[in-house]
Every structure is written in C-alpha cells, then in structure tokens.
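Biologist: Could we go through this model together, beginning with the sheet and then the backbone?

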Amino acid sequence: MSGRELRARVTQEVAEVIATRRVGAYQHLTLVAPGVAELARPGQFVALAVGGETSGTLLRRSFSIHKVSPSGTYGGTVDVVVAAHGPGTVWLTGLRAHDPVDVVGPLGTMLATGNGVTVTFTAALGRLTHPPAPVTVTV
C-alpha cells in the first residue's frame, strides 16, 4: 500500500463507560464502543461529546486512542486518557461505570509510505491560543 491513502471509515455511537481509574493527574476511561474499536488503527483518535444531553457545551473533545480491544467480554472497547483542564474534560473525568458518552471515531488519516506509516492530523496547541496546525508523524 506504499504511497496510497488507507481509507478509514468513521462511526458515531453512544458508548458505555465500563471502567474508570485515576492514573496520577489523569483519568483512564474504558468505553464499550464496538463500532469504533473495529475500525481503529494506531495513531488515530476519537471525539467525545461532553456535558450530557442537556449541556450547552457543543464542541467535542478529541483524545488519542490509548488502547483498542476489538472484541472481549463487553464487546469492542476503546481506552482514552483524559486530563481535567476545563469544564468539558472535568465533566469527562467525572464519568462513572455505566454512564453513556457519545463517541465519533476513529478519526485521523493514515498514509502508507515505504517501510513506515505516516499519520497526518490537525492539532490545537495550547489552550486555543494557537490556530490548529497540521502535524505529520512517521513511525
């Protein structure tokens, strides 16, 4: 597949939090999201809705996928690690087992080049003080 774009599909689903644990200053969330787990590849990310159904917070928060298990006891799972820095991420770190969270993913475009994989994505640096910038990583 050298030089070709790997076509990725994206899905939206309401995931269920099945585990949450504190890891230092971070919260590790495991979500049952079989549609996302089936499609996810290394280097991709997910966008999570924040604030629940009645929230005025409209923008999703994006997180790198920490781990994916396409199948298991609960079905496919996706793990993300969240740092609480603002109202949206504070809400996410407060989720408990069996809470729902709307997920869109996997996101990110993967390009095969030579022996490695190049992943290109757009990242917002800082706290929205910089415009989003394209970042390319070759693994």
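Predicted model: local features only at pLDDT ≥ 70, side-chain atom pairs only at ≥ 80, totals over all residues.

Modeller: Residues are numbered from 1 along each chain as its sequence is written, and side-chain values use heavy atoms, without hydrogens and water.

Biologist: In what order do the 7 strands of the open sheet lie?

Modeller: The order is S5-S4-S8-S2-S3-S7-S6, with antiparallel pairing. Strands are DSSP runs of E with at least two residues, helices are runs of H or I with at least four, both numbered from the N terminus; two strands pair if DSSP finds at least two bridges between them.

Biologist: Which are the edge strands?

Modeller: Strand S5 (61-64) and strand S6 (67-69), each of which pairs on one side only.

Biologist: How many bridges join S4 to S5?

Modeller: There are 4, and strand S4 (residues 45-48) runs antiparallel to S5. Val46 has Phe63 in S5 as its bridge partner.

Biologist: Turning to the backbone, is the peptide bond from Gly105 to Pro106 cis or trans?

Modeller: That bond is cis, with omega near -10 degrees. Pro106 lies in strand S8 (residues 100-107).

Biologist: What is phi of His98?

Modeller: Phi of His98 is near 80 degrees, a positive value in a residue other than glycine. Most residues other than glycine have a negative phi, and most peptide bonds are trans.

Biologist: Where is His98 found, and is it buried or exposed?

Modeller: His98 is in the loop between helix H2 (87-93) and S8. His98 counts as exposed because its relative accessibility is 62%; exposed means over 50% relative accessible area, buried under 20%, and partly exposed in between, with a 1.4 Å probe and protein chains only.
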